[in-house]
Amino acid sequence: MKEEMSSVDIKYIVDELQSLIGSRVDKIYHDGGEIRIKLRTKEGRQDLILEAGKRIHLTTYIKEAPKMPSSFTMLLRKHLSGGFIDAIEQYDFDRIVKIRIGDYTLVAELFKKGNIILLDPENRILAALRYEEFKDRAVIPKAEYRLPPARESPVEVEWERFREIVGGSHIEIVRALARKLSMGGLYAEEILLRAGIEKSRKADELGEDELRLVFDTMKSVFTAEPKPNIVYENGRMIDVLPIELRWYEGYEKCYFKTFSEALDEYFGRITVEKAKLEKTRKLEQKKKQILATLRKQEEQMRGFEIEAKKNQEIGDLIYANFTFVDSLLGEFRRAVEKLGFEEFMKRIEEGKKEGNRIALLIKSVDPREKAITLELDGRKVKLYLEKSLGENAELYYEKAKKARHKLEGAKIAHENTKRKLREIEELIEEEMKKELNVKRLEKRKKRWFEKFRWFLSSEGFLVLGGKDASTNEMLIKKHMNENDLYCHADVYGAPHVVIKDGRKAGEKTIFEACQFAVSMSKAWSRGVYSEDAYWAYPEQVTKKTPSGEYLGKGAFMVYGKRNWFHGLPLKLAVGIVLYEGDDFVVCAPVDAIKAHANRYIVIRPGGLKKSELVKRIKHIFEKWGYRVREEDIMAVLPPGNGEITEIKG
């Protein structure tokens, strides 16, 4: 299974990531060997992940950020947050990617253990994921960053140079391609497969035409139209590729629109599986210990069963040979009393030599315990001379009884251990089912109205408001027509607000739009509770100014009668509103939200930081069963701090 990206992969992903040029760095997160950069792009939010020694691509697998950002995170945020990506480039077909953000460069080393390094404008190291020193370079603060020697690129190499470095090699052609041009074994095999050249042939033994065929095939492979795919074998992912390879002909494949999507699915799924395994590692260790205990208990149970059976059978055997055993015990007892044990043992040995049947039955004599061991029906039976036949038999029955008692105890312990095993297996299953601190960032194509602040009035009219100078300009010039109404707060820097098809709207909608205009203005951040606003017709709004005056971007003049609402309350509600088949987080006047949502949160200007207000709203939504991102809530709230005054749920 592929564990890291190749130089070829990096070539294709860097080409694809050129779409990020001009994107703004919003925030940076660090977890282990991973750096995730949250970007604001033309397409909205996108997250770029860099994992030292492994990968770089856009991701939708978002891990929960560490509660305490690392010092490396803080340094990256200090120098890069708010900056714009000016360049993303691969260094000389190596597994190194350089991302230039303003005056700084972020270097992702994707070979071996890898590293992520921040460079200042003078190419000196400001910070690194890991500091280390090598024979030819040092990754330490303030040191000049040194790149490894340049490599030949199969994409850039010319025919003459190719013939020199590959054709002059006295090694197999497959190894020559893989090593001399840093493409790795897979692509070397693919090129030779397409060219029909036996890979084991020596490179310097190929004819000019054959070598030229290899060169042309190589160029065609590395200029192939991207066709990102994940390769599966027996339902298991084994590779992720930017192009289609004949090497994997016949394998199951899944295709993607972009290489980033393919890499994200491949490495994202690996990340999730590894995270699950890590979460259950201690439980699995506990399971191993329980299984070892079970095996030991089962061995003990078998031992107790054997012991109980053996002693029971010996006791029965003594009684089955009652007359013979009782007679022997009597004779031996008298002989010992008369001769003593030493002489008795001597007589037994002499009898064995003479072939005496009784002497041959005696396997051993124990003077200390005054016992003899006989062989009866193939079993060895130890008999104590000072005990009667019944007492000897009872000794074995007692041993059998104790073994059975131990067996019963062992069975209970075994059942308890099996119960513990079931419990630990259930815990492992639950942990595997639990949602990890890795979530998929759902991608949804943004609707045109989401460029603006917006809501549905209680009467069902779409109301739009500008977010900044650019969207204010766009709203009036491109999206306001003669059938609409225009609203504005009597506050400097307030957004333009447009009621679509507003000439048909009732006074309730106009009131809500004007309240929206004052609530989304700078009056909110000043902490006031009421302001004035007015409405007018579209034809009254223009860029024309009195002679000598100039209007900046997003500013317009309003001529003629203004229809005023005085003392409008700065009070809004946040809820989940269904519109055109999708659920949206919407912040709007209370009556407007109330008309379209069963549950909502009422807010007004207050002392709670906006970030904390967002967290509280998100927590309330989660209690209601809604999964909403903090950034979606942040985007719809008015500017400045606030407080929650009512929760309707």
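Let's start with a pair of neighbours: helix H4 (residues 173-180) and helix H5 (residues 184-195) pack at an angle of about 130°, and their axes lie 8 Å apart. That makes H4 oblique to H5; angles under 35 degrees count as roughly parallel, over 145 as roughly antiparallel, 65 to 115 as roughly perpendicular and the rest as oblique. Axes here are lines fitted to C-alpha atoms, for helices over the stretch in contact, and angles run from 0 to 180 degrees between N-to-C directions. Helices (H or I, at least four residues) and strands (E, at least two) are DSSP runs, numbered from the N terminus. The model is predicted, with local features needing pLDDT of at least 70 and side-chain atom pairs counting only at pLDDT 80 or more, while totals for chains, interfaces and linings use all residues. Residues are numbered from 1 along each chain as its sequence is written, and side-chain values use heavy atoms, with hydrogens and water left out.

H4 passes H5 in a right-handed crossing; a crossing is left-handed if the near helix is turned anticlockwise from the far one by less than a right angle, and right-handed if clockwise. On the H4 side, Ile173, Val174, Leu177 and Ala178 meet Gly184, Gly185, Ala188, Glu189, Ile191 and Leu192 of H5, where contact means heavy atoms within 4.5 Å. By class, this contact of H4 with H5 has seven nonpolar, two polar and one charged residues. Ala, Val, Leu, Ile, Met, Phe, Trp, Tyr, Cys and Pro count as nonpolar, Asp, Glu, Lys and Arg as charged, and the others, Gly among them, as polar.

H5 also has helix H6 (residues 208-222) beside it: their axes come within 9 Å and cross at roughly 120°. H5 and H6 are therefore oblique to each other, and their crossing is right-handed. Tyr187, Ile191, Leu192, Arg194 and Ala195 of H5 make this contact with Leu213, Val214, Thr217, Met218, Val221 and Phe222 of H6. The contact of H5 with H6 has nine nonpolar, one polar and one charged residues.

## Helices H8 and H9

Phe332, Ala335, Val336 and Leu339 are the H8 residues in the contact, and they meet Phe341, Glu343, Phe344 and Arg347 in H9. These residues divide into six nonpolar, no polar and two charged.

Now for the strands. Strands of a sheet pair through backbone hydrogen bonds, either parallel or antiparallel. Strand E6 (residues 85-90) and strand E7 (residues 96-101) pair in the antiparallel sense over five bridges; two strands pair if DSSP finds at least two bridges between them. Alanine 87 stands opposite arginine 100 in E7. The hairpin of E6 and E7 has five residues between the strands, and aspartate 92 takes a positive phi near 40° there.

Elsewhere, three strands form an open antiparallel sheet in the order E14-E13-E15. Strand E14 (236-241) and strand E15 (252-255) stand at the edges, each with a single partner strand, so one side of each is left without a neighbour in the sheet. Neighbouring strands of this sheet are turned by 25° against each other on average, direction ignored. Strand E13 (residues 229-233) runs antiparallel to E14, joined by five bridges, and isoleucine 230 stands opposite valine 240 in E14.

Another open sheet has six strands in the order E20-E21-E23-E22-E24-E27, with antiparallel pairing. Strand E20 (453-456) and strand E27 (563-569) stand at the edges, each with a single partner strand, so one side of each is left without a neighbour in the sheet. The twist averages 25° from one strand to the next.

Strand E22 (residues 485-489) pairs with strand E23 (residues 497-499) over three bridges in the antiparallel sense, and tyrosine 486 stands opposite valine 498 in E23. Helix H13 (residues 507-519) packs on the sheet, touching E20, strand E21 (462-465), E22, E23, strand E24 (530-536) and E27; the direction of H13 makes about 60° with that of E27.

## The whole protein

Stepping back, the protein has 17 helices and 31 strands. Its C-alpha atoms fill a box of roughly 150 × 80 × 50 Å, taken along the principal axes. The radius of gyration is 42 Å, whereas a compact globule of 649 residues would have one near 26 Å. That radius is taken over C-alpha atoms, and the globule rule is 2.2 Å times the number of residues to the power 0.38.
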